[in-house]
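Please examine the sequence and the structure shown here. The paragraphs that follow lead through one interface between two chains.

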There are 6 protein chains.
Amino acid sequence: MPIVRVEMWEGRTHAQKAELARVITEAVVTIAHTTPEATIIIFEDIAKSNWATGGTLASDTTA
Amino acid sequence: MPIVRVEMWEGRTHAQKAELARVITEAVVTIAHTTPEATIIIFEDIAKSNWATGGTLASDTTA
Amino acid sequence: MPIVRVEMWEGRTHAQKAELARVITEAVVTIAHTTPEATIIIFEDIAKSNWATGGTLASDTTA
Amino acid sequence: MPIVRVEMWEGRTHAQKAELARVITEAVVTIAHTTPEATIIIFEDIAKSNWATGGTLASDTTA
Amino acid sequence: MPIVRVEMWEGRTHAQKAELARVITEAVVTIAHTTPEATIIIFEDIAKSNWATGGTLASDTTA
Amino acid sequence: MPIVRVEMWEGRTHAQKAELARVITEAVVTIAHTTPEATIIIFEDIAKSNWATGGTLASDTTA
C-alpha cells in the first residue's frame with residue numbers, strides 16, 4: 001500500500017524511470033515489509049520553468 | 001472547502017471527468033455537509049510510462 | 001489504479017469517511033471503468049489553523 | 001527547506017511565475033526564517049478541463 | 001482558484017502562518033490576477049523525523 | 001532537486017524510515033544523476049482510518 005511519488009526535472013529517460021521503479025520498489029518491499037504489487041510509484045516530470053530555488057526559476061538560472 | 005484530487009491513467013474522456021466531478025461533488029456535499037461551490041475537484045492524468053506497480057512501469061507491462 | 005485524495009477540515013467522523021469512501025469508490029468504478037480493489041481513497045484532515053482563504057487562517061475567522 | 005506548491009489554471013506567463021517565485025521566496029525567508037537556497041517553489045498548471053467547482057468542470061462553465 | 005501548499009518543518013508559530021497566508025495571498029492576487037476569496041493556502045507541518053536530505057533524516061542530523 | 005514523497009500506513013519505525021531515506025537517496029543519485037544534498041525524501045504516515053481500498057477503510061477491514 002505504499003505510494004511513492006518522485007518529482008524530478010523533466011529529461012529523465014524511460015530507462016531511468018524503469019530502473020528507479022525497480023530499485024525503489026525493492027527497497028520499500030524489503031525495508032517496510034510490503035509486497036511489490038501493493039507498491040505504487042508515480043513519476044512527475046517538472047519543467048525547469050515551473051521550479052524555482054533561491055527565488056529564481058531554474059529555466060532562468062545561468063550556469 | 002474540500003479539495004478532491006483524482007489521479008488516473010490518462011485516457012478518460014471529458015464526459016467521464018464531467019460525470020465524476022458531478023457525482024463526487026454531490027457525495028461530498030451530502031455526506032460531509034458542505035456546499036458545491038466550496039468543493040474543488042482536480043483531475044491529474046498520469047501517463048502509463050510514469051506509473052509503476054510491482055516494480056514495473058505500466059507502459060512496460062504486457063496484458 | 002485511481003488514487004483519490006480528499007482534503008477536508010478535521011472534524012469529519014469515521015462514519016462520514018467510511019460513507020465517502022464507499023460512494024466515491026462506487027462512482028470511480030462505474031464511471032471510470034476500474035475495480036474497487038484498484039481504487040485507493042486517502043483522507044487528509046486539515047486543521048483550521050493550517051488553512052486560509054481570503055488571506056486569513058480559518059481558525060482566525062469570525063462567523 | 002520549505003517547499004511551496006502553487007496550483008493555478010494554465011495561462012500564467014513565465015514573467016508572472018518568475019515574479020511569484022521571487023516574492024513568495026522572499027516572504028518565506030523573511031517570515032519563516034530560512035534561506036532562499038533552501039526554498040523550493042513548484043508551479044503546477046491545471047487545465048480548466050481538469051478542475052471543477054460546483055460540480056462542473058471549469059471548461060464547461062459559461063460566464 | 002489558486003491553491004498554495006506550504007510544507008515546512010513543524011515549529012512555525014500561528015503568527016508566522018497567519019503572516020505567510022496574508023502575504024502570499026496578496027502576492028498571488030496581485031501577480032496572478034485573482035481574488036483573495038478564490039485563493040487557498042494550506043500549511044503542512046513536517047516532523048524532522050519525516051524529512052531527509054543527503055540520505056539522512058533531519059532529526060538525526062547533528063549541527 | 002528530486003523530491004520523493006513516501007506515503008505509508010503509520011507504524012513504520014524511525015529505523016525503517018532512516019534506512020529507506022538512505023537507500024532511496026542512493027538510488028536516485030545513482031540512477032538519475034543528482035547529488036544527495038539535492039535529494040529530499042518526505043515521509044507521510046497515513047492512519048488506517050484515513051485509507052480505503054475496495055471502498056472500505058483499512059481500519060474497518062477484518063483479516
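How many residues does the contact take from chain B and from chain D? Chain B gives 16 residues and chain D gives 12 residues, where contact means heavy atoms within 4.5 Å. This is a predicted model, in which local features need pLDDT of at least 70 and side-chain atom pairs count only at pLDDT 80 or more, while totals for chains, interfaces and linings use all residues. Residues are numbered from 1 along each chain as its sequence is written, and chains are lettered from A in the order in which they are written.

The size of an interface is often given as the accessible area lost when the parts come together. Between chain B and chain D the buried area is about 1,100 Å², and carbon and sulfur atoms give 53% of it; this is the accessible area (1.4 Å probe) that the two parts lose on being put together, summed over both. In chain B, the residues that lose the most area to chain D are H14(B), I42(B) and F43(B), together 37% of what that side buries.

The interface holds 1 salt bridge, a side-chain nitrogen of Lys or Arg within 4 Å of a carboxyl oxygen of Asp or Glu. R5(B) forms this salt bridge with E7(D), and their closest N and O atoms are 2.5 Å apart.

Strands also meet here. β2(B) pairs with β3 (residues 51-53) of chain D in the antiparallel sense over 3 bridges; strands are DSSP runs (E, at least two residues), numbered from the N terminus, and two of them pair if DSSP finds at least two bridges between them. Opposite I40(B) stands T53(D) of β3(D).

Technical notes: Side-chain values use heavy atoms; hydrogens and water are left out. Helices (H or I, at least four residues) and strands (E, at least two) are DSSP runs, numbered from the N terminus.
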